[in-house]
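I opened a new page for this one.

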Amino acid sequence: MKVYLIFITFGKLLHLFECAKKDIVFVVDRSGSLTSDDINGTIDFIYNVTSYLDIGSDNVKISIVTFNDEVQTEIKFNDYSTKEELLSAIANLKGMSTNGGTYTYNALNHVRNSTLTSDGARDEAEKLVVVMTDGASIDLVATIAMADKLRNDLSAELFSIAVGSKPDQIEIDGIANDPDSYYVHSVSDFVYLCNMIPSLVPKLDAGAVASVASDCPLEPGVTTEAAAVLEETDSSSSNWVWIIAAILSAILIILLLICCILFLKKKKRKPKEKNEAYQNIEFSSDTPAVQGKPIFREPSILSNNGWTSGMNKELTESSMFTLNRESTTSLSSIMYRDMFQFTPESKPNQ
């Protein structure tokens with residue numbers, strides 16, 4: 001049982017270092033409050049984030065859903081098999097029209113009932129949803145309730161990205177998982193989304209590292225030093241989670257190995273008690289030729305030396321053979337220094 005637990009734990013440790021399967025859905029607001037440039041800035045952001053991810057059938061898959069009065073799946077998980085094809089399809093989404101209201105809860109309901117349960121979604125993959133919006137939804141209560149259903153029904157991780165000053169902070173925080181400091185992001189304009197890439201990418205794919213493009217404009221009020229500290233903090237906090245988990249798992253494996261070794265040592269077979277061995281040897285002779293008490297000496301009881309004419313040697317050897325055959329103690333483990341022989345009644349008989 002202990003060995004079995006060791007293999008399970010070792011398997012879990014290996015799982016920490018392999019790239020996990022993740023199905024990531026970008027939910028993009030395209031309501032009437034946005035412009036074509038805003039949509040293009042959103043698409044550029046998704047394109048750049050995706051370019052850093054490890055895209056593949058055994059790694060990360062991407063789906064994009066847009067919403068206003070209606071919900072539309074623009075890219076399904078199984079639409080493209082290569083990263084190059086996926087990036088090309090994302091780039092082609094630029095130029096979409098904007099209109100209608102902000103029905104965020106409808107989009108989240110679509111993601112729960114369709115995107116993450118079909119369209120190439122994988123049952124064993126982790127579910128991540130990134131909601132991007134510039135304003136408050138039509139129904140705050142329904143939106144937060146639908147986000148909770150995603151978390152409860154599919155164990156999904158939800159990130160919220162608020163752009164501009166119109167989003168309802170209560171709603172943005174309610175959509176995202178806790179803590180807000182990790183799952184909630186905000187910028188004042190779509191052109192500043194590129195500053196968010198280094199902090200978001202490792203949260204979506206732990207093995208990925210991203211940097212800010214040289215042409216990315218710095219958001220007013222955010223200094224270069226502050227942005228660098230924020231990026232480093234987000235990245236290091238994510239890395240430390242994996243490092244601590246790996247260290248704890250390694251310690252657990254070592255402890256289990258030690259316990260297993262100690263357990264196996266205790267299970268080593270010990271020689272039977274001498275008295276038990278003695279009791280299993282039966283001498284049947286009507287008139288024993290010798291009498292006396294057992295003494296501990298080097299020679300074996302089956303040695304030709306020391307046998308008297310009255311001792312039934314063949315019978316004794318037969319008894320020893322029976323002992324070796326029927327008991328778990330081998331003959332060699334009995335016939336060693338602690339074996340006994342009888343002292344003769346008189347010296348001439350010896």
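**Confidence.** Where pLDDT is low, the predicted coordinates should not be read in detail.

**Ground rules.** This is a predicted model, so local features need pLDDT of at least 70 and side-chain atom pairs count only at pLDDT 80 or more, while totals for chains, interfaces and linings use all residues. Residues are numbered from 1 along each chain as its sequence is written, and side-chain values use heavy atoms, leaving out hydrogens and water.

**Strand β2.** Next I looked up β2, residues 60-67. Helices (H or I, at least four residues) and strands (E, at least two) are DSSP runs, numbered from the N terminus. Is β2 buried or exposed? Eight of its eight residues are buried, so the rest of the structure largely encloses β2; buried means under 20% relative accessible area, exposed over 50%, partly exposed in between (1.4 Å probe, protein chains only). I checked both faces: V60, I62, I64 and T66 are buried on one side, and K61, S63, V65 and F67 on the other.

**Its partners.** Two strands pair if DSSP finds at least two bridges between them. I found β1 (residues 22-29) running parallel to β2, joined by eight bridges, with D29 opposite F67. From β1 the chain crosses through helix α2 (residues 36-52) to β2, a right-handed β-α-β crossover (with the strands pointing away from the viewer, the path from the first strand over the helix to the second runs clockwise). Strand β3 (residues 71-75) is antiparallel to β2, with four bridges. There V65 stands opposite T73, and a hairpin of three residues makes the link from β2 to β3.

**Cores.** A nonpolar core is a set of buried Ala, Val, Leu, Ile, Met, Phe, Trp, Tyr and Cys residues joined through side-chain atoms within 4.5 Å. Which residues of the largest one touch the most other members? They are F26, F45 and L204, out of 44 residues. The largest share, five residues, comes from α2. I followed L204 too: its contacts include F26, V49 and F159. Apart from this core lies another of 18 residues, among them V25, L116, V131 and M146.

Note on methods:
Contact means heavy atoms within 4.5 Å. Lists of a residue's contacts leave out its neighbours within four places in sequence.
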